[in-house]
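Hi there,

Here is the structure I promised to pass on.

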Amino acid sequence: MREDGHSIPIQDIRIIHKNGDCTNFVSQALRAGGLRDIHGRRDWAQYWFFNNKNDLSMSWSNAHSFARHVRENPDRYTITNDLSTLTP
């Protein structure tokens, strides 16, 4: 549920890989929380987007690519071992 009270449809996590895929789920949660897509080449880790099951970045659904995406975009993410340093 978004802050404005509207629900956000979550795609079936099996839409990309028939066995399901947790990176897709995490990406959807980040988008639902307000993180905006970064469009560009689907095979470059700095981009993160999903338009449909045939038009998405590797970092949307692949854990290794997503980890690289996070490392290459430090202005978008906070990496920490101390959760008390995080703010909502």
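A salt bridge here is a side-chain nitrogen of Lys or Arg within 4 Å of a carboxyl oxygen of Asp or Glu. With that criterion, a search of the whole structure finds three of them.

Before the details, a word on the source: this is a predicted model, in which local features need pLDDT of at least 70 and side-chain atom pairs count only at pLDDT 80 or more, while totals for chains, interfaces and linings use all residues. Residues are numbered from 1 along each chain as its sequence is written, and side-chain values use heavy atoms, with hydrogens and water left out.

Now the salt bridges. As you know, side chains of opposite charge can pair when their charged atoms come close.

- Arg31 and Asp37 meet through their side chains at 2.4 Å, N to O. Arg31 has 31% relative accessibility and so counts as partly exposed; Asp37, at 22%, is also partly exposed.
- Arg41 and Asp43 form a salt bridge at 2.8 Å, N to O. Asp43 is partly exposed, with a relative accessible area of 40%, and Arg41 is partly exposed at 42%.
- Arg68 and Glu72 are joined by a salt bridge at 2.7 Å, N to O. Both residues lie in helix H3, four residues apart, which is about one turn of the helix. Arg68 is partly exposed at 43%, and Glu72 is partly exposed at 37%.

Helices (H or I, at least four residues) and strands (E, at least two) are DSSP runs, numbered from the N terminus.

Next, the rings. Rings of Phe, Tyr and Trp (its six-membered ring) pair if their centres lie within 6.5 Å; planes under 30 degrees apart count as stacked, over 60 as edge-to-face and the rest as tilted. The structure holds four aromatic pairs. In one of them, the ring centres of Phe66 and Tyr77 are 6.2 Å apart and the planes stand at 80 degrees, so this pair is edge-to-face. It links distant parts of the chain, with Phe66 in helix H3 (residues 63–72) and Tyr77 in the segment after H3, 11 residues apart. Are these two residues, Phe66 and Tyr77, buried or exposed? Both are buried. Elsewhere, ring pairs link Trp48, Phe50 and Trp60 into a cluster.

Note on methods: Buried < 20%, exposed > 50% of the residue type's maximum accessible area, 1.4 Å probe, protein only.
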